[in-house]
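Subject: Structure for you to look at

Hello,

Here is the structure I said I would pass on. Please open it first, then read the notes below.

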Amino acid sequence: MDSELNIARKVRKPLKAYREAKYSYLNRIRLAVSLFYFSMGLTFATWASRIPDIKEKLGLSEAELGTVLFAIPLGQLLMMPFSGRIVVRYGSSKTVVVGIIFYMLAMVTLGFADEVWQLMLSLFFFGIFSNFTNISVNTQGILTEAIFRRPIMSSFHGAWSLAGFTGALIGLLMMNFSVRPLYHFAIVAAVLYVNIYANFRYLVKTRPAKPKKVEEERKRSLLPKLNPALAWLGVIGFCSMVSEGIMFDWSGVYFKDVVKAPESLVILGYTSFMIMMATGRFIGDKVTTRFGRKKVLAFSGVLISGGMYIAVLFPYVVPSAIGFMLVGLGVSTVVPGVYSLAGRTPGIEPSQALTAVSSISFLGFLLGPPVIGYIAHAVGLKMSFAIVGVFGICIAFFVNRINE
């Protein structure tokens with residue numbers, strides 16, 4: 001392989017100029033991939049910020065909302081066996097563009113729903129394209145991290161979280177100006193389409209796989225990947241993503257129905273959570289380097305439980321906002337940490353390990369919010385949040401089962 005000096009001579013540039021051009025281009029790739037993470041996060045956050053309004057518009061109870069929200073994991077689970085193969089066959093740089101375009105289109109259709117069945121159908125397709133986009137964009141993240149040869153995955157997840165915070169602020173603005181969800185969704189989609197057009201050409205290009213290779217990937221069973229170490233990582237990720245999913249889908253409802261916050265502050269719980277989640281992910285790599293992965297994961301579990309119980313025991317605007325901030329800080333480092341540990345599992349390809357762990361983890365994000373609707377209907381929303389608080393304690397306990 002040519003050294004940088006030899007390459008610089010071939011392109012007839014001084015070594016310094018070559019390095020500057022190289023780093024500039026690499027950073028442009030990183031920015032493009034980050035903006036695709038941001039687009040995906042903003043799409044989901046835009047929908048989540050208007051759940052209370054749509055719940056009220058359709059006159060849904062907590063249990064009915066839980067039933068409606070099941071449409072998202074149904075779509076996700078249906079697409080899960082196919083997403084990976086499609087990404088391998090056509091390349092993530094192409095599939096992520098197609099996925100995010102249809103993901104945003106599905107978001108816009110949510111605003112047209114005037115009947116429960118219409119909302120469920122839109123959410124079903126929302127789930128399908130969410131899974132497809134998630135696999136594609138994380139593949140781009142892995143490829144970009146390999147190019148940089150140092151950990152940067154946490155910053156990509158930080159971009160996703162920052163989008164959640166941005167989506168909450170936009171949602172608050174739209175609600176204060178009484179903008180209908182349909183118009184809100186359409187405006188966000190239009191802006192993100194411009195973002196996609198400006199950045200898709202800088203994605204990491206990969207050669208589409210040959211059909212024979214795709215068939216070989218299809219025949220490989222997931223069972224060999226689920227060794228005990230990966231199983232425990234998956235369980236930890238599951239516990240974290242249950243808490244994260246509850247915050248996305250139910251924090252606004254909690255502030256409206258339990259905290260009894262004024263209309264203009266209903267979004268505060270979600271916003272508080274997203275602020276600290278984004279902050280935690282941007283500083284997560286430095287904190288982990290200093291204190292170690294296991295200590296950070298254990299403390300994160302404590303923060304999740306502590307934040308949940310503060311909101312349950314003191315259901316008022318300020319304490320609940322503080323509690324949700326602690327939850328956001330807690331979940332911020334768990335998934336990036338779990339994915340990082342999975343990628344270093346001896347004897348298993350990083351991509352295979354990541355697929356196994358992320359599949360288990362993401363079930364928490366998918367199944368948690370619908371199930372919480374049934375629990376809330378049976379024992380109340382405040383008690384259901386107390387039950388979710390146990391998952392943070394489980395994280396702190398299960399960390400002892402893994403090797404750093």
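Helices are DSSP runs of at least four residues, numbered from the N terminus. In that numbering, Phe 125 lies in helix H7, which covers residues 116-148. Please keep in mind that this is a predicted model.

**The chain as a whole**

The protein chain has 17 helices and zero strands. Of its 404 residues, 52% are buried. The chain exposes about 18,200 Å², and 67% of that comes from carbon and sulfur atoms. Among contacts between residues at least 6 apart in sequence, 85% join residues that are at least 24 apart.

How exposed is Phe 125? Its relative accessibility is 37%, so Phe 125 counts as partly exposed.

Thr 95 sits in helix H6, residues 92-110. Is Thr 95 buried or exposed? Thr 95 has a relative accessible area of 4%, and therefore it is buried. Leaving aside residues up to four places away in sequence, Thr 95 touches Ile 86, Val 87, Tyr 90, Phe 132 and Ser 136.

Helix H3 covers residues 51-58, and six of its eight residues are buried, so H3 is largely enclosed by the rest of the structure. The buried ones are Ile 51, Pro 52, Asp 53, Ile 54, Lys 55 and Leu 58. After H3 comes Gly 59, with a positive phi near 65°.

Side chains of opposite charge can pair when their charged atoms come close. The structure holds five salt bridges, and three of them are described here.

- Arg 50 and Asp 53 meet through their side chains, at 2.8 Å from N to O. Arg 50 and Asp 53 are both buried.
- Lys 57 and Asp 114 form a salt bridge at 3.2 Å, N to O. This pair links distant parts of the chain, with Lys 57 in helix H3 and Asp 114 in the loop between H6 and H7, 57 residues apart. Lys 57 counts as partly exposed because its relative accessibility is 45%.
- Glu 244 and Arg 281 form a salt bridge at 3.9 Å, N to O. Glu 244 is in helix H11 and Arg 281 in helix H12, so the pair ties together parts that are 37 residues apart in sequence. Glu 244 and Arg 281 are both buried.

**The cavity**

Rolling a probe the size of a water molecule over the atoms shows where empty space is left. How many cavities of 30 Å³ or more does the structure hold? The structure holds one. About 80 Å³ of space lies in the largest cavity.

Its lining is made of Phe 44, Leu 69, Ile 72, Pro 73, Gln 76, Ser 130, Gly 245, Asp 249, Phe 365, Leu 366, Pro 369 and Pro 370. By kind, these divide into eight nonpolar residues, three polar and one charged. Helices H5 (71-90), H11 (228-257) and H16 (350-379) each supply at least two residues of the lining. Which helix gives the largest share of the lining? H16 does, with four residues.

Most residues other than glycine have a negative phi, and most peptide bonds are trans.

Ser 178 is not a glycine, yet its phi is positive, near 55°. Ser 178 is in the loop between helix H8 (153-176) and helix H9 (181-199). With a relative accessible area of 62%, Ser 178 is exposed.

Lys 260, also a residue other than glycine, has a positive phi near 60°. Lys 260 is placed in the loop between H11 and helix H12 (268-291). Lys 260 counts as exposed because its relative accessibility is 62%.

Regards

Definitions and conventions. Residues are numbered from 1 along each chain as its sequence is written. This is a predicted model: local features need pLDDT of at least 70, side-chain atom pairs count only at pLDDT 80 or more; totals for chains, interfaces and linings use all residues. Side-chain values use heavy atoms; hydrogens and water are left out. On a 1 Å grid over the protein atoms alone, a cavity is a set of points where a 1.4 Å probe fits but cannot get out, and a pocket is an open set with protein on both sides within 12 Å along at least five of seven lines; lining residues have an atom within 4 Å of a point. Grid points are joined across faces, edges and corners, and a volume is the space filled by probe spheres set on the points. Ala, Val, Leu, Ile, Met, Phe, Trp, Tyr, Cys and Pro count as nonpolar, Asp, Glu, Lys and Arg as charged, and the others, Gly among them, as polar. Buried means under 20% relative accessible area, exposed over 50%, partly exposed in between (1.4 Å probe, protein chains only). Contact means heavy atoms within 4.5 Å. Accessible areas come from the Shrake-Rupley method with a 1.4 Å probe; for residues, only the protein chains shown count as cover. A salt bridge is a side-chain nitrogen of Lys or Arg within 4 Å of a carboxyl oxygen of Asp or Glu.
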